[in-house]
Amino acid sequence: MVDVADKVAYFQAITGLEDPDLCTEILAAHGWDLELAISSITSTNTATPPENSTSTPAVATSSGDDGGGRGVTRSSLEPPRFGAPERSEAAAGPGLAWKIVTLPISVISGSLNLISGAIGLGLWAAGGVLSYSMGMVGLGFGSGRNSEASARLVPLSAAASEAMEFVAAFERDYGTTTMTRPNFVSQGFMDALQRSRNEFKLLFVYLHSPDHPDTPLFCERTLCSEALAAFVNENFVAWGGSIRASEGFKMSNSLKASRFPFCAVVMAATNQRIALLQQVEGPKSPEEMLTILQKVLEESAPVLVAGRLEAEERRTNMRLREEQDAAYQAALEADQARERQKREEQERLEREAAEAERKRKEEEEALERAAREAAEKEAALARMRQEKALSLGEEPEKGPNVTQVLVRFPNGERKERRFHSTSTIQSLYDYVDSLGCLETENYSLVSNFPRVVYGPEKLSSSLKEAGLHPQASLFVESNL
């Protein structure tokens, strides 16, 4: 648990305020929240200058001499070391600086988008959105003629054009092999800064002064030394700019470059500002530069590692969320498929039930209709038998003009009745019909000896004319 004394000491180290009572009052006013209190100081000290100004707020720095008149400047805003004795400036050597530099508006607007997010107090807060410049988009399309056409269609930004011109000039003057020179990116400063953020690296800045007498030797022997070039290419994103160009000149003013050759190590900070971790002014040997850069990289390692781990954790969490979303979507689709199948099955059962009910009703209606027709037919037959029985009149008594007729049915049943000899054959059919002993209406009356069929042509003949008087025996023969 960091106590009050440690917080005051930390606040003094970060802000450069020497009065402990004043530091205590500021911390107490901010609820002893170190980040909030420091933010209030740094935001006040680093107010953005007017757009037409290229100066930046002054930050207290200390300068040391390496013995050869060449300065290594670092901010006094050095991260605290709790529990460790204070080191003198000379003993400490080049260290990690936390100097906040506000970039000119023209540099910020040179990129398509502004940097968002924060880096500070030992935490690399990854995030923010910064797209590559239009020039980089143009160069990224295809190859050969297609890439040339695309480059013409998508114009380069002014910052990217200047960066490409610097890289081309540096290669022309000091070699084209990246093994023996820093691999300067062909991008504007803001895009290079975002690239370093995305790769979790620091940004190595070199401001080139073509007219300075120390520049050629520094480039040939120091920047283009194999050991330094390999170290910079492996551990940094390198950006270079000529102070003759617009962006290089503005960056030299922002970084307050007073001597050349000039190198710096920066990282992105909040509100379109950068954290100046180290600046080196004047010529240096490859060994001296390696020592300085190794020290900066060593002290910045926790910040970069924390940022890389945080980004990996975000990617892992995002992948887990995507997997969970995919699993949820799959489960949802499976549930919807089951519900759809269940609904379709229910609809099929309902259709089958409706069809069965329709058929049942049709069968019931058919049965009712058949029963009704049968009843009507039976009623009609009954009326017909009754009518025919009435048409026969009373059975006459025996006499010379009365004919005795015996009728045999297919089931062996016999019926006998007397008729007037003048009655017609039709009266015999009416008599058989009135009995209701037959299930068919299509039949004929037949005599055996001799066999005579009394069909429709003889219905009007009288019994006497037909030879059936005084008595006759007839059979009912079905015509089906």
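## About the model

The model is predicted, so local features need pLDDT of at least 70 and side-chain atom pairs count only at pLDDT 80 or more, while totals for chains, interfaces and linings use all residues. Residues are numbered from 1 along each chain as its sequence is written, and side-chain values use heavy atoms, leaving out hydrogens and water.

## The five-stranded sheet

Let's start with an open sheet of five strands, ordered E11-E10-E14-E12-E13 with mixed pairing. Strands here are DSSP runs of E with at least two residues, helices are runs of H or I with at least four, and both are numbered from the N terminus. Two strands pair if DSSP finds at least two bridges between them.

Strands E11 (414-420) and E13 (452-454) stand at the edges; each has a single partner strand, so one side of each lacks a neighbour in the sheet. E10 (residues 402-408) runs antiparallel to E11, and seven bridges join them. Val405 has Arg417 in E11 as its bridge partner.

## Two cis prolines

Look for Pro450 in the loop between strand E12 (443-447) and E13. Phe449 is joined to Pro450 by a cis peptide bond, with omega about -15°.

Pro470 sits in the loop between E13 and strand E14 (471-478). The bond from His469 to Pro470 is also cis, its omega near 15°.

## Positive phi in a loop

Phe200, in the loop between helix H9 (189-199) and strand E6 (202-208), has phi near 55°, a positive value in a residue other than glycine. Lys256 lies in the loop between helix H12 (246-254) and strand E8 (262-268), and its phi is likewise near 55°.
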